[in-house]
Amino acid sequence: MHDIAATPAAVVSVAPITLAAPDHGRDLSVRVSAPTTGHNLPIVVFSHGMTLDMDDYAPLARFWAAHGFVVVQPTHLDSLGLAPDDPRTPLIWRIRTDDLTGILNQLDAVEAGVPGLSGRIDRERIAVAGHSWGAQTASTLAGARILDGGTPGESMADSRIGAAVLLSLPGTGGADLSPMAAEYFPFMSPDFDDMKTPSLIVAGDSDRSPLTVRGPDWFTDGYRLAPGATDLLTLFGAEHGLGGIQGAHDTRTTDENPERVALVQRATLAYLRTTLGLDDTAWPAVRAASASASEPLGRIDSK
C-alpha cells in the first residue's frame, strides 16, 4: 500500500471526559485522542462494538490522531452492565446514536477536556466511524434507518457528518438474521436506502457471524444497497476483528494479523483525508497501490 501519511505527530489521550447525556440515567464518558501539534484538526467520532468501551481500538484511534485527527470514543450504556429488564434496554440502539449526536453537540466540552486542544478543532470536517454494532450505530448518522415492522423508522442522519468509515457493518435483517439475532437483536434490521453520506465499508471475506444465516457477504450489504457507500475494502482471510483492530484489551480476536491492521489504518486514513477534502490524492493512491500489488491483502471496489 502507498504510504499516504506524513511523519506522525505525538498524541495525547485523555479519559474520562464527562459529557451530559439527558434522559440516559448517567453521564457519557468519552476518551479523546489528539495530536499535540497542528490546527484545523478534523474530527472522528467512533462507536465501539458490543461489550467493548472507549479504551478499545487504541491502535486505530492513535493512528488517526497521530496523522492529524481528533478521535472521540464514547463508552455506550450497553457496556456498563445494563440489565435485560432495564426499561432502556429495548432502546439501546437509539441511545447509542444519541451518544454520538450528543458528542457533536458538546464539542466545546470535548475541547475543554484536553489541555491545549481549545481552538484547534475543525468543526466543518467531521466523520463518524464504528466497528460491528458500532458500525450500525455510526451508519444511522450517515442516513441508515432501522426497520420497524418492515417500515423504515425515523431518520437520525446528521448533516454535520461528511464521511463514514464502517468496519464489519452488519447487513440486512429479516430472514437474513439467525434465530438468536432475531430474538435478542431485532434492531439489526437496517434500511440503507437513505444512507447517502460518503462511506467506506470494510469487510472480511472470512467473517462468519452467528448473527446471520448468510456468510461473509452479509457484511457487504451496506456497500451494495447504500447510495452513499462509495467504496468497499474486502480483506482477504479476515474475520470479524479484521486482524485485531480492537487492540490488546479484546482477547477474542481469532485472526490476529498486524499487516491487516496496518492496512485498515492506512486505507481508512486515506479515505477520510480525501473524502473530507484534505488530500485529493490520498484515497486514489491507495486504490491504485492495491490494484497493482503482487500479493494484495485485500481488494478495493468502488462505485
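User: How do the residues of the lining of the second largest pocket divide into nonpolar, polar and charged?

Analyst: This is a predicted model, in which local features need pLDDT of at least 70, side-chain atom pairs count only at pLDDT 80 or more, and totals for chains, interfaces and linings use all residues. Residues are numbered from 1 along each chain as its sequence is written, and side-chain values use heavy atoms, with hydrogens and water left out. The lining consists of M50, T51, D78, L82, A83, P84, T89, I92, W133, Y184 and F185; Ala, Val, Leu, Ile, Met, Phe, Trp, Tyr, Cys and Pro count as nonpolar, Asp, Glu, Lys and Arg as charged, and the others, Gly among them, as polar. The division is therefore eight nonpolar, two polar and one charged.

User: What volume does the second largest pocket have?

Analyst: On a 1 Å grid over the protein atoms alone, a pocket is an open set of points with protein on both sides within 12 Å along at least five of seven lines, a cavity is a set where a 1.4 Å probe fits but cannot get out, and lining residues have an atom within 4 Å of a point. Grid points are joined across faces, edges and corners, and a volume is the space filled by probe spheres set on the points. For the second largest pocket the volume is about 320 Å³.

User: Which residues are closest to the centre of the largest pocket?

Analyst: The largest pocket has a volume of about 520 Å³. Its lining of 26 residues comprises ten nonpolar, ten polar and six charged. Closest to the centre are S132, P210, H240, Q246 and R252.

User: Is S132 buried or exposed?

Analyst: S132 is found in the loop between strand 5 (121-131) and helix 4 (133-141), where helices (H or I, at least four residues) and strands (E, at least two) are DSSP runs numbered from the N terminus. Although S132 is not a glycine, its phi is positive, about 60°. Buried means under 20% relative accessible area, exposed over 50% and partly exposed in between, with a 1.4 Å probe and protein chains only. Because its relative accessibility is 15%, S132 counts as buried.

User: What is the relative accessible area of L242?

Analyst: L242 lies in the loop between strand 11 (229-235) and helix 7 (258-275). Phi of L242 is positive, near 55°, in a residue other than glycine. L242 is buried, and its relative accessible area is 0%.

User: Which residues line the largest cavity?

Analyst: One cavity of 30 Å³ or more is counted, and the largest cavity has a volume of about 60 Å³. Its lining divides into five nonpolar, three polar and three charged residues. The lining residues are A21, H24, R26, D27, L28, T75, H76, L77, L80, I95 and D99.

User: How many of the 14 residues of helix 2 are buried?

Analyst: Helix 2 (residues 92-105) reaches 20 Å from its first C-alpha to its last, close to the 20 Å expected at 1.5 Å a residue; the expected span is 1.5 Å times one less than the number of residues. Among its buried residues are I92, I95 and D99. Helix 2 is mostly covered, and the number buried is ten.

User: Which residues does T172 touch?

Analyst: T172 is placed in the loop between strand 8 (163-167) and helix 5 (179-184). With a relative accessible area of 17%, T172 is buried. Contact means heavy atoms within 4.5 Å. Not counting residues up to four places away in sequence, T172 touches L177, M188, P190, F192, R214, W218, D221 and L225.
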